[in-house]
Structures are given as structure tokens and as C-alpha cells.
Amino acid sequence: MLKGTKGNITIPFLLFVLAFLVFAGLAIAFLAGCVKDMPRFDPEVLRKTSMTSSVFDAHGQLFTRLHAEENRLPVTLDQIPTHLRQAFIATEDVRFEQHYGVDLKAIARAAFRILTKQSFEGGSTITQQLVKNAFLTQEQTMKRKIQEAILALQVERRFTKDQILEMYLNEIYFNHGAYGVQAASKLYFGKDVWDLNLAESAMLTGITKNPSRYSPFVSMEAARTRQAIVLDNMVRAGYISESEAAKAKREEIHLAELKSRVHPAPYFVDYVISTLVKELAPKMGSESAVYDAIYRGGLEIHTTIDPTMQQAAEDALIANLPKGEEDSNGLIQPQGAIVAVDPNSGAVRAMVGGRNYEETKFNRAAQALRQPGSAFKPFVYTTALLEGWSPASVLDDAPVVYKDGSGKTWAPNNYNNTFQGLTTLRVAIEKSLNVVAVRLMEKVGVDQVVSTAEDMGLTTLVKSGSRNDRQLALALGGMTEGVSPLEMAAAYSVLANGGFKVDPHPVTLVRDANGNVLWENQSMKTEVLSPQVAYLMTDMLKGVITRGTGSGAASVKRPAAGKTGTTSENNDVWFVGYTPDLSAAVWIGSDAKPQGQRTYLSRHGIGSGLPARIWGAFMKQALTGTPVRDFSRPSGFVPITVCRKSGLLPGNLCPPEDLVTDYFIKGTEPAIPCDVHVTATVCSETGELATEYCPAPITKVFIQRKEPYAQRADGKKPADAHLEVPTTPCTMHTTPPITPLFPEQPVFPHPEPGAEPDNETEQQDDNPVPPVTLNNVPDGLLQQVD
């Protein structure tokens with residue numbers, strides 16, 4: 001304890017004073033640093049016009065420009081209705097008239113949210129929001145917040161409240177390229193701002209919280225919800241009564257027709273903007289800040305689009321879509337989409353999201369989730385290859401019935417209502433046999449297939465809940481939510497590039513107006529398949545084009561692989577395919593299926609052949625000038641000749657026509673001979689198992705299934721059912737032959753002199769009919785029922 005003239009000073013007190021001084025010193029140093037790095041306050045900056053952002057293609061050439069000047073219509077404060085001004089003040093800065101640029105209460109709330117890591121948003125007054133857009137970056141840090149507050153105080157000293165509010169209301173962003181309340185009023189309601197009523201003013205105010213979410217063009221329901229919040233804020237602030245708010249909430253809103261400024265490749269440009277909003281919003285603090293930077297900040301945006309491929313995509317899709325018909329919304333159906341991705345980098349090279357952007361801005365290439373049908377099957381087959389199966393492995397394409405936990409039955413069927421019988425996986429995927437795909441998923445495991453699909457890039461699989469994708473119907477593309485063409489093209493890229501997952505992306509680099517890197521794509525390659533598995537799956541899918549359901553894509557005239565897809569009643573038709581240089585997905589279908597009606601594709605019998613032809617036309621044009629090359633086969637394979645009925649080494653009973661040669665990954669080749677081909681002795685007259693009474697039994701080669709197939713009401717059987725070993729004894733020869741009481745005596749001719757006697761007849765009579773034998777037929781086979 002230290003003694004002083006006025007009392008005792010404790011050591012804890014001294015420590016407190018020391019800590020306070022240290023903290024104060026650090027705070028002063030931090031504030032000094034904030035002031036030192038703060039932009040110089042220039043009132044004229046607030047009156048500057050926005051800068052145009054430039055969009056560059058994959059070759060570094062200017063592709064288009066993004067700006068909002070054409071849709072900025074400044075107005076004076078006295079032209080803005082009082083209820084609109086009040087709506088903004090009540091919602092954005094209720095103490096606007098009382099503070100001097102900084103609201104300490106709001107800052108305290110925002111500081112708590114920042115310290116608890118809830119959000120960096122909130123706490124900014126109207127003045128602070130104005131200076132943030134004019135002087136500062138959108139970086140959300142404590143340093144930037146302090147600079148914002150200091151500049152706001154300077155603005156309040158230089159301008160009146162009315163001037164600040166007028167500048168703010170002329171600068172704020174409302175989505176769809178509209179800046180300022182006058183441009184927004186024209187955009188959304190087709191009228192001048194001074195003609196807005198209370199309901200419209202409240203809706204307009206609500207949009208600015210999150211323009212992409214609360215635009216009534218995007219979601220009227222969300223806009224209405226936000227409008228109600230604004231009206232309630234006005235009631236609490238004393239600007240309107242509760243009855244006025246209630247009346248405004250009930251008032252019908254009439255929107256103007258959205259007239260867009262169409263850029264080249266508009267669906268792709270929209271995808272670029274939405275990608276930047278997603279990537280930059282966490283850094284800039286809000287979606288509004290990102291839109292402001294895109295349309296006013298003079299950004300330099302480097303994209304992945306290839307103009308030649310983009311033109312090829314537009315030409316192929318629009319030229320080949322059927323004429324269609326108008327739906328209840330006035331849109332021509334069916335719609336279509338095509339998207340192409342560089343399989344080696346994930347760069348999106350081309351994107352078309354619909355027939356006509358001016359009629360429908362919904363991007364079906366990136367946003368639509370549709371059932372993929374058989375285009376999902378490669379994920380099933382890839383899983384099997386991962387687990388040691390081969391293209392020559394065999395499954396039975398025969399009738400089968402499954403039961404779920406509730407006792408409901410499901411019998412998968414093939415598209416042509418026929419069954420091939422014992423079939424190799426290679427042939428099964430070429431012919432898109434549904435039964436084999438389902439049986440294969442059953443063998444390898446549903447969860448394993450889901451895992452493979454996710455590893456390759458699908459993100460929309462549902463794995464829990466009462467409705468989920470962990471079921472055998474997934475083998476045929478029966479997804480709960482569906483999948484976008486973009487994700488399908490990217491997932492097939494894994495097969496094209498030798499087993500690496502690359503995330504699809506439309507932007508590589510963004511610089512600010514000063515040339516500083518604002519964002520750069522950091523996509524990484526992740527190996528998810530071995531090169532051998534990727535190559536085998538590719539080799540199987542090449543057969544889809546050369547010999548199978550995807551023959552319409554053969555116009556590409558270069559080595560390519562792919563898969564068709566068709567959903568029930570042809571509601572969705574697909575082709576997803578790739579070359580070593582490009583992966584592309586084509587989807588065609590109606591946006592919605594009217595209740596109780598068939599879609600245009602269904603009524604006109606249009607199947608997956610159409611998207612296959614569109615894919616072929618696109619790829620041929622898009623790859624003009626690109627050298628033709630085949631997929632590179634890695635080491636680690638051995639060619640083996642096997643029996644196509646068993647997938648095993650040929651046995652001495654296998655017919656030559658059943659022998660095929662295929663590639664096997666080393667370590668997966670078969671080591672045992674065929675166990676499907678067997679022999680049996682049958683009656684030459686009935687073809688049934690010979691009995692001891694059959695006069696002329698013969699021994700033949702048959703096939704023996706491992707398990708019986710299900711019996712169908714229509715009697716359909718697999719195509720090779722006639723080759724099966726019979727299971728029933730001869731029904732014609734069931735008793736011994738009747739011996740005549742007085743058999744006719746043979747007359748023997750006299751032999752020539754010196755000739756040997758002919759004993760052939762006696763030898764035949766002395767040898768009885770040999771007993772009936774079943775060679776290589778297991779015990780109990782006669783008891784099996786077909």
C-alpha cells in the first residue's frame with residue numbers, strides 16, 4: 001500500500017489506471033490510423049455520376065458494359081411525396097432529423113451485433129449510407145465504420161438535412177438497373193414518383209433492404225411482406241395511423257411491364273451478376289452494395305464466355321426447338337436450355353436459359369431444377385466401376401418386382417416394354433435399360449450412388465426427410481428436387497477430364513475502378529475418380545452415341561461420349577455429353593405440366609433424340625477450329641475375352657457368338673470360367689427334359705439363370721428365355737412304347753458269295769436307348785418354377 005497526502009492508493013487502482021491509459025493510447029492510435037487512411041472529404045464527389053463497369057470475354061475482349069445511367073432520373077425533394085420521404089426515414093433512420101450524422105443508439109446496437117458475429121449491417125444513418133457509397137469501399141470492418149462516421153459528420157456540417165435526403169433518394173438502388181426513386185417509380189409502377197400512393201411508396205421503400213429478394217417482379221409475396229414492415233415502422237414513428245397502414249396493406253398493387261435492357265448473352269450476363277452478388281456480398285456487407293459496385297463502380301469483370309461458342313449455342317437451340325404453343329402465362333412451351341463448360345477448368349463457355357430473354361428472364365440453364373431421367377444413370381454405373389465391376393459385368397434385364405416398407409410394389413420397366421435378358425453393363429447403358437440400372441443400384445448401394453453423384457458435383461440430392469432420394473427410383477433419375485443443366489454438364493466434366501471435379505464458374509477476375517483486384521476465382525481441381533474409372537465410363541458412354549440411344553449426337557463428327565434422358569410421358573428430355581475439350585447439357589421441356597393435361601412433348605412424341613441432335617449441332621459448330629482428339633487411355637488396363645452371358649472367362653460350352661473382348665482395370669478381371677452355359681439332354685420332339693421313354697434324346701447347350709424372374713400379367717419374358725434350360729420333363733413321352741403281339745419279321749437278303757454278314761441291325765437291337773442325363777445342372781433345378 002502506498003501512502004499519499006490525501007489517502008491511500010491501492011495497487012489494483014494503479015493497475016486499473018495503467019490499463020485504462022494503455023487502452024486509451026491504443027484507441028487513439030487506432031483512430032489516428034483511421035483518419036490517416038480516410039479519403040479526403042470532397043463535397044463534389046456526392047454529385048459525381050456513376051462509372052460504367054466493363055465485362056470482358058474469355059479472350060480478354062470487351063463483351064458488354066454494365067451501367068445504370070440510362071435509368072437514373074434525378075428529382076428534387078419537393079417532387080418526392082411526403083409519405084415516401086417518411087417511409088424511408090421511419091425504416092432506415094428514424095432519428096434522421098435529430099442526429100448530426102451518427103446515431104449513437106443505432107451504433108451501439110450494431111456494435112453488439114458485430115461483437116457477437118451476427119452481422120456487420122445496421123447502425124448506419126442515411127448520411128452514413130450516402131458517404132459509404134460516395135467515398136469508401138464496401139469492406140465491412142470496424143475501421144471502415146469509423147471512417148464512415150467521421151465523414152458523415154463532415155457531410156452534416158456541409159449540407160442541410162433536406163439536401164442529404166434528396167441526394168440519398170436519388171442515389172439508392174432498386175434492382176433491375178434502377179437508381180433513385182423516380183427511376184424506380186417508373187420501373188415498377190409506370191408513373192412519376194409524385195404520383196405514388198402510400199401503398200406504392202411503402203413497397204418501394206421495402207425493396208432497398210435487399211433488392212434482388214424484395215423486388216415485386218421477383219416475388220410479390222416477399223415485396224408485400226416487406227411493405228407491411230415499412231408501414232408498421234411509419235405507424236411507430238407517428239407518420240400514419242394504424243387504420244391508414246391497414247388500408248395500404250389491403251390496397252391492390254398494379255405493376256408496370258418490366259422492360260429490360262438486353263445485353264448480348266443476357267442469361268449468361270445475369271448469371272455473372274448473380275455470381276458476383278453471392279461471392280462479394282459477405283465482403284461488401286450487403287447485396288445492395290454489390291449491385292451498386294457493379295452498376296456504378298466502374299468494375300472490370302473478366303468472364304469465361306466464348307462468343308463463338310455462345311453464338312453456336314443460341315443458333316442450335318433456337319433453330320431446333322419445336323414451334324410449341326402458348327401456356328396460360330403467354331410463354332411458348334416447350335422451353336429449352338443449353339450450357340457448356342470447359343471440363344478442364346470449370347469455365348462456363350456458353351449459356352442459353354430460354355427461348356427469348358425479353359419474354360422470360362428465368363434462367364433454366366442455371367436455376368431450373370428438373371428430373372434428369374436416364375441422364376442420371378452414369379452416376380450409378382460409375383459407382384459400380386468404383387466397386388470393381390466392369391463394362392462386361394452381367395445383370396439380368398428381366399421382369400422384377402420391388403416392395404417398400406409399406407408393402408407397395410414397384411416394377412421398373414424399359415422404355416420399349418421389352419427385356420433383353422442377361423446383358424453386359426456396356427450394352428445396358430447403350431440401350432438405356434432401366435431394369436439393369438435399378439438392379440445395379442440395388443447391388444452397389446443407394447447411398448454409395450448418392451455419394452458418387454455428390455462427389456462429382458450434384459448439390460441438390462435430398463438425403464433425409466419423408467421425401468428423399470435414398471431410393472431405387474433414383475437410378476432412373478427420380479430426384480426429389482431435380483438438378484440444373486449446369487450441374488449436369490459440370491458433373492459429366494469429371495469423366496471428360498480423367499476424374500477431377502472442377503466447380504463451374506463464369507468469372508475469373510474482378511478489379512475495381514483503380515485496378516485493384518477485388519475478387520479472383522480460386523476454383524481448385526479435386527480428384528474424385530481414378531483415371532481408369534473415368535476412362536471406362538467414358539468408353540461406355542461413347543457407345544451411347546455410336547450404337548445406342550444417343551445416335552442423334554453423332555453429327556459432332558469427333559470422339560464424344562454422352563447420355564440421353566427422358567422422364568415420364570416425355571415431360572423432360574435431355575442429352576448431356578462431352579468431348580475432351582467441352583462438356584454440354586441440353587434440356588427441353590415445359591416449365592410446368594398443366595393439371596390433368598399432357599405436355600407438348602408428350603402429345604407429339606418428342607423424346608431425347610431432339611436434344612441429342614441439338615447437342616450434336618452445337619458441339620460441331622462450337623468446336624470448329626479445335627483439333628480433333630480422342631480421350632486419352634491411361635495405363636492399368638488389360639483386355640480380356642469373356643462370355644457376354646456371365647461376364648466370366650469363356651467355358652468349353654460358351655458359343656462363339658457369346659464371346660466379347662473388353663477392358664478391365666487390373667485386379668478386376670475374372671478368374672473363373674462361365675457358369676451360365678450348361679448342357680441338358682432333351683427330347684428332340686418337345687424340347688423338354690428327356691425321359692427314359694423319349695425315342696430320340698439329344699444333348700444341347702442352354703443358359704442357367706441365377707434366380708428366376710418375376711411373372712408378369714402380360715406374359716412378357718426376357719428375350720433369351722428360350723435359351724434357358726428346360727425345367728419340366730417331356731410331356732409327350734410319358735409311358736413305354738407299346739410292343740406289338742406279332743411283330744413283323746424282317747426279311748434278310750442272301751449275302752453275296754464271299755461277303756461278310758451285315759450285323760448292323762443286330763448291333764442296334766442289342767444296344768438299348770441310353771439313360772437320360774443332365775450335365776452341369778444343379779440338384780433341385782427340376783423343382784424350380786420359371
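Buried means under 20% relative accessible area, exposed over 50% and partly exposed in between, with a 1.4 Å probe and protein chains only. The model is predicted: local features need pLDDT of at least 70, side-chain atom pairs count only at pLDDT 80 or more, and totals for chains, interfaces and linings use all residues. Residues are numbered from 1 along each chain as its sequence is written, and side-chain values use heavy atoms, with hydrogens and water left out.

**View A. Helix H17 and its buried residues.** Helices (H or I, at least four residues) and strands (E, at least two) are DSSP runs numbered from the N terminus. H17 is mostly covered, with 9 of its 11 residues buried. They are Asn-434, Val-435, Val-436, Ala-437, Val-438, Arg-439, Leu-440, Met-441 and Val-444. Their packing partners include H15, helix H16 (425–430) and helix H18 (446–456). Strands E10 (394–397), E11 (402–403) and E12 (409–410) also pack against them. Just after H17, Gly-445 takes a positive phi of about 105°.

**View B. The packing of H15 on H17.** Helix H15 (residues 377–386) meets helix H17 (residues 434–444) at an angle of about 45°, and their axes are 10 Å apart. Axes are lines fitted to C-alpha atoms over the stretch in contact, and angles run from 0 to 180 degrees between N-to-C directions. H15 is therefore oblique to H17. Angles under 35 degrees count as roughly parallel, over 145 as roughly antiparallel, 65 to 115 as roughly perpendicular, and the rest as oblique. From H15, the contact (heavy atoms within 4.5 Å) uses Lys-377, Val-380, Tyr-381, Thr-383 and Ala-384. H17 supplies Asn-434, Val-436, Ala-437, Leu-440, Met-441 and Val-444.

**View C. Tyr-381 in the largest nonpolar core.** A nonpolar core is a set of buried Ala, Val, Leu, Ile, Met, Phe, Trp, Tyr and Cys residues joined through side-chain atoms within 4.5 Å. The largest one has 95 residues. Phe-376, Tyr-381 and Met-488 have the most contacts inside it. Helix H12 (residues 266–284) gives the most to this core, with 10 residues. Tyr-381 touches Leu-425, Ala-428, Ile-429, Val-436, Ala-437, Leu-440, Met-537 and Met-540, not counting residues up to four places away in sequence.

**View D. His-505 in a loop.** The loop runs between strand E14 (500–501) and strand E15 (507–511). Is His-505 buried or exposed? His-505 counts as buried because its relative accessibility is 8%. Not counting residues up to four places away in sequence, His-505 touches Thr-304, Ser-345, Gly-346, Ala-347, Val-348, Asn-521 and Ser-523.
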